[in-house]
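Dear colleague,

Here is the structure I am handing over. My notes on it follow below.

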Amino acid sequence: MTTASAPGKIILFGEHAVVSGAAALGGAIDLRASVSVQDRPGGIVITTEDLMLKGFSIDLQSGQLFSSQAAHAVRYISAVLQEFDAHDIEVRIKSSLPASAGLGSSAAIVVSAVMAISRHQGSSLSLKKIADLSFRLEREVQDGLASPTDTALATYGGHLRISREISPCNLPPLELVVGYTGVPHSTRSEVEKVQKLKKRYPELIDGIFQAIGSISDRAQPLMADQNKAELGELMNINHGLLEAIGVGSRELCELVYASRGAGGAMGAKITGAGGGGCMIAIPGPAGKEPLMTAIRQAGGRPFATKTGQEGVRLEREA
Ligand code: MEV
């Protein structure tokens, strides 16, 4: 059996603007997905575990039960299997990342699958090859609407600045609290919505994207200095701009305001595509406990994390 794992990610600054070429800054987090493969003569079997399964449908004719989140993961795995022309194989997916939450679960699955399946077939791809191929496959499944942010972070780990190019940033880990609304979203439809708005109001949305890109650039030295007060301020500005392009939601904004209020956060914003999914906040002087309590009381599911974690790795090779 060959197993590879890859981390989820948090976009600190720059989501949506990055799809149109502005800079974004993101970090890999300590929740991971893993993909194991082994020979299975006579077919292809894909099994999913721990995908934080939510929502399912049943085909009454065949009696087959579908989980929408598992089905989502299976679409990405099928694309990787096709790319490698893989047959007679069993693929097992495990993930501690909630799906459709803006934490890069599909990228972590694609990247782990590319590494595990290629190693199982006897080839050893460079990280650049894994990142490029995973981006292409994720973009295909998402009908062309994706930036390389999630797949690059799942591959290389650490912190990355993404614009027209991807550059690693040597930055210390940032401690954050993530608040999950529990509302799944579709990255594809949020990106589509924003891109449509950009078509209708190009001069307005281009200006907003430019401002978001400047926030990402300003944030980098502040991260190096661990200047949490100013990073928090930038998060608040970035959040306002994300609201302006229509990716806020009542649930997300309630968590953001509770974090800044009772939670004592230095700053808080949506992370990822928005519309549902997650927000992030930088704990204030009282630490993460009051922040986690405030998020819980506002109806969210909080967890503490650190950015700058390891990228894709081989866990096991038989
Ligand atoms: C999703 O995590 C981030 C977006 O910018 C889309 C992308 O970059 O592919 C909304």
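S216 lies in helix α6, residues 202-224 (helices are DSSP runs of H or I of at least four residues, strands are runs of E of at least two, both numbered from the N terminus). This is a predicted model, where local features need pLDDT of at least 70, side-chain atom pairs count only at pLDDT 80 or more, and totals for chains, interfaces and linings use all residues. Residues are numbered from 1 along each chain as its sequence is written, and side-chain values use heavy atoms, with hydrogens and water left out.

S216 counts as buried because its relative accessibility is 2% (buried is under 20% relative accessible area, exposed over 50%, partly exposed in between, with a 1.4 Å probe and protein chains only). Beyond its neighbours within four places in sequence, S216 contacts F13, G14, A23, A24 and L25 (contact means heavy atoms within 4.5 Å).

Helix α6 also packs with helix α5, residues 187-200, at an angle of about 125°, and the axes are 5 Å apart (axes are lines fitted to C-alpha atoms, for helices over the stretch in contact, and angles run from 0 to 180 degrees between N-to-C directions). The angle makes α5 oblique to α6 (under 35 degrees is roughly parallel, over 145 roughly antiparallel, 65 to 115 roughly perpendicular, and the rest oblique). On the α5 side, the contact includes V194 and L197; on the α6 side, it includes P202 and F209.

In helix α8, residues 250-260, the buried residues are L252, C253, L255, V256, A258 and S259. They pack against β9, α7, β10, β11 and α9.

Regards
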